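Please look over the sequence and the structure shown here before reading on.

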Amino acid sequence: MSFSKWVFVVFVLHLLNPCPVRFSYGSSSSNGLSDIPKKLLNFAKRQELVGWMIGIRRKIHQNPELGYQEFETSQLIRSELDKMGIKYKHSVAVTGVVGFIGTGEPPFVALRADMDSLPLQEMVEWEYKSKIPGKMHACGHDGHVTMLLGAAKILQEHREELKGTVVLVFQPAEEGGGGAHKVLEAGVLEKVNAIFGLHVDPNLPIGEVASRPGPLLAGSGFFEAVIGGKGGHAAIPQHSIDPILAASNVIVSLQHLVSREADPLDSQVVTVAKFQGGGAFNVIPDSVLIGGTFRAFSKESFTQLKQRIEEVIIGQAAVQRCSATVDFLSKEKPFFPPTINNNDLHKYFQTVAGDMLDTQKVKVMAPVMGSEDFSFYQEVMPGYFFFLGMKNETLGKVESIHSPYFTLNEDALPYGAALHASLALRYLLEFGPKISLPEGNYRDEL
């Protein structure tokens, strides 16, 4: 073969297999740490990677699975990790997958994505609509899994630059099932030095992120109460003990816990969202079931609120000559602690996200009364949770999460993947030398 033909062949092969970006690490030089986020975002925006991520996300969206039932999602994740040559542990917390990229040695930094869907019937008509009746990815978890797989692909391409180990946490059952707690119980994150997680935000413009140091999301719990009376004919209420009246007084009194007992500067919520009793217009029922949620930003306030909810329900029912039993459903729906971001990681996140997106697109947000089981990780290690924008006005209004009309803007996928990868890679470079490493053999993590 002539020399010119050899040159042509080499050129074509280069186009088909582009080399990953390599970095030099002068701390503040133009080719140093500050350049990593933008370079990884450019890598994530490559057409072939974006197309791959969109395909993955749509497969997951069409096959939503509820908490601890994410068997097909777990299989898809493992299949993609196998193709990348990434080692992992699986059947963690039933369906979870935990992968490892890097040296297999400390320091360890973790990235987390939740996998489960919601029990909703999708009302959006499009080619990749959910195929499973009554189940839908209406909270963006299909996107979260895809972004973490995208980050895995980026990090695996740059594994020679990793000065430690990135732990990929594909977690089941975030939607009330406390999957994070079960992942911790499995012991696979005991050596992790820090963990990062994200959530898509339909109200935040694409290319922007938002978070805050300290309390970000509230701790949350659920309760149900059965208020028992004595049924009878509605025309002769004096022969009955009316549990509907008692339950009504209970609900009003529960609102006083926030308006009259809580510090106005300490945000708390008690919401009764379920009331079931009776089935006829003229019959007083024997009992009524009520249920709801309570939330607070500190453990002390949360514990006090829980205690007072039980006291008020039982006490107010007794005033109306009724009995009451209260169940906090802690086995089926474990209490979520408040999501509290580490202050040092907040400064680090602002730097990395600012280098990638520009500082004016990194917002400091107010605390939100929603909850996240990412908080379980933050109780045992430094953790940081942030919101990723995906609003694009030209695409029309995006419905809120947990709506059957929710849609995910797939243009956000490369941003999430690149932020995950940048936070992990740069953390190992920046903080790794400062972390004291215990003696021991860590290769078993791989």
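Which residues are exposed on the other side of H8? They are Glu300, Thr303 and Val319, where exposed means over 50% relative accessible area, buried means under 20% and partly exposed lies in between (1.4 Å probe, protein chains only).

## Basis of the model

This is a predicted model, in which local features need pLDDT of at least 70, side-chain atom pairs count only at pLDDT 80 or more, and totals for chains, interfaces and linings use all residues. Residues are numbered from 1 along each chain as its sequence is written, and side-chain values use heavy atoms, with hydrogens and water left out.

## The chain as a whole

The chain holds 11 helices and 16 strands; these are DSSP runs numbered from the N terminus, with helices (H or I) of at least four residues and strands (E) of at least two. Its C-alpha atoms fill a box of roughly 105 × 50 × 40 Å along the principal axes.

Of the 446 residues, 50% are buried. Contacts (heavy atoms within 4.5 Å) between residues at least 6 apart in sequence join residues at least 24 apart in 80% of cases.

## Helix H8

Helix H8 covers residues 299-319, and its 21 residues should span 30 Å at 1.5 Å a residue; the end C-alpha atoms are 30 Å apart, which agrees. The expected span is 1.5 Å times one less than the number of residues.

The buried residues of H8 are Ser301, Phe302, Leu305, Ile309, Val312, Ile313 and Ala317. They cover an arc of only 110 degrees around the axis, which puts them on the same side of H8; the arc is that of the directions from the helix axis to the C-beta atoms. An α-helix has 3.6 residues a turn, so residues three or four places apart point the same way. The cover over the buried residues of H8 includes strand E8 (219-228), helix H7 (243-261), strand E10 (268-276), strand E12 (287-296) and strand E13 (323-327). Just after H8, Arg321 has a positive phi of about 65 degrees.

Ser91, in strand E1 (residues 87-92), is not a glycine, yet has a positive phi of about 60 degrees. With 48% relative accessibility, Ser91 is partly exposed. Val94, in the loop between E1 and E2, has a positive phi near 85 degrees and is partly exposed at 44% relative accessible area.

The peptide bond from Pro106 to Pro107 is cis, with omega near 0 degrees. Pro107 belongs to the loop between strand E2 (96-102) and strand E3 (108-114).
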